[in-house]
Amino acid sequence: MKNKAIIALAAAALILTTSTGISSVHAADSVMPANHITYTNNGKIVTPASPAVEVDSRLYMPLRALGEVTGKYVDWDEFRGSVALTEKPELTGKYKLNAANLAEGIKMGIGSSLTHVPGDPDNVFYSTADRGPNGQVEAGGKTRRTFPLASYTPSLYKIQIDQSEIKILEQIPLKVNGKNPTTGNAHVTGLPNIKGRDEAPFDAKGEKGLAYDPYGLDIEGLAYNAKDDTFWISDEYGPSIVHVKRDGTIIERIVPKGWAAQVSAPLVPAREVLPAVYNKLRQNRGAEGVGITPDGKYMFMSMQSPLRNPDKSADNSRQLRIIKLDLATLQPVAEYVYMTEDAKQFTGLEQADIVISDLVAVNENTLLIDERDKNVGDKAQLKRIYAVDLTTATNILGKYDDEKAGETLEQMSLADLKLSNILPLAKRTVLDAVEHRYPYEKIEGVSLVNGNTLVIVNDNDFGVDSPTADNGTELWTFKLPYTIR
């Protein structure tokens, strides 16, 4: 290109740079389409989604398209009026779990969470496999939740990645300090806790009802606290956060206010410290992510979907909640609004099908958030890991929970948030897995090693609904071209 034809980041002053379209340009002597320009990035020819325009012998391009040309992610924050450009990571490895089936038609699987323990080798992690094999069938004119292996014990798995394979080094079954009346031993199950509140459990055919387990867990997230050498688990049922020893013994359960009165579970102390509004979770859309800061001071928990606050009419809300607790007191100290992507920018995607699937606490002010749709393969449009900044976000703890006091958080529109001076968490993309043709529905485990190695793993739900050979557990590693600390 000639020197006078420059690609200017300052084009933001002339062009609405965060969309694929171009707004009106200030009065100029000459405005021409620049279709004759060829673009290369690191020697490879690239084609921007939106063409540049030539204005008075200068070349201007929307930042979104400029990001495509230069190989950067571009994120627009309309609450703060800011644009973030981030270098893209390099895919460095793929590892598959090769393990025997648990039963006919039921694959072995892990991947509902992922965490790396400081001091362990860089290729060693801990993971879980949620509540065990479950599915849905039509029976008796109703859709019923089935548990074909009702005695399955949710467990922690110590794993190692090596030579394209995930190896299970150790399985640590979760247990109570005593006898669980549901199992007849110390082990817990993945069965629901509370009759009339949680999904009713049935056998594989959906014909016979199963017992509820007051200690049952639907594990979705895992974090490690180096201060006391224990794990914390996020559980969808409560929604709760469960404190666990290294040997799998459950110490205590953090639950919403009012939860303990609904169930008898004397073997595990229930601390009612989460706001009561968390009882309004959507079934099977509870506490999805948990993260602990490296200094062991704070713990964060994220909900998978909007609370049904005041009711299911809020299912299409974009506002999800992330709560922060002081680990010394186990009391909430802050709550933040996480805005999911607008489904309208995608094709045929429902807002309610955009969810959070994991969380990593990099430090007190930075989180990694796993946001995804529920599509698979070529139909997938949203499988992203965001770096989230808390420094300017509004602490809404204790506010916008009660419909009687005005609109709830989940009822608010984008304009309502702005009118109430609520700043959601600031987001920037660190991985777009769709660009790497990620084949699975659920990225549910995320970890960060040494600040610059991003690791993701899928939850295959034991292949209950699709027990094909390609529906296994697979872990991918990426090298970031920068360090997140």
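## Salt bridges overall

The model is predicted. It contains 28 salt bridges.

## R308 and D315

R308 and D315 form a salt bridge in which the closest N and O atoms are 2.8 Å apart. R308 is partly exposed, with a relative accessibility of 25%. D315 has a relative accessibility of 11% and is buried, because the cut-off for buried is under 20%.

## E410 and R321

A second salt bridge joins the side chains of E410 and R321, at 2.7 Å from N to O. This pair connects distant parts of the chain, 89 residues apart: E410 sits in the loop between β27 (383-389) and α2 (414-419), while R321 belongs to strand β23 (residues 319-326).

Both partners are buried: E410 has a relative accessibility of 4%, and R321 has a relative accessible area of 1%.

In the salt bridge between R384 and D432, the closest N and O atoms are 4.0 Å apart. R384 is in strand β27 and D432 is in strand β28 (residues 426-432), so the bridge ties together parts 48 residues apart in sequence. R384 and D432 are both buried. Through shared partners, salt bridges join E341, E371, R384, K427 and D432 into one network.

## Annotated domain

An unreviewed UniProt entry places the feature "domain: Phytase-like" at residues 153-462. Over residues 153-462, the chain is 39% strand and 2% helix. The end C-alpha atoms of this stretch are 14 Å apart.

Notes
Residues are numbered from 1 along each chain as its sequence is written. This is a predicted model: local features need pLDDT of at least 70, side-chain atom pairs count only at pLDDT 80 or more; totals for chains, interfaces and linings use all residues. Side-chain values use heavy atoms; hydrogens and water are left out. UniProt positions are given in the numbering used here, feature names are shortened, and annotations may be inferred rather than shown by experiment. Helices (H or I, at least four residues) and strands (E, at least two) are DSSP runs, numbered from the N terminus. Buried means under 20% relative accessible area, exposed over 50%, partly exposed in between (1.4 Å probe, protein chains only).
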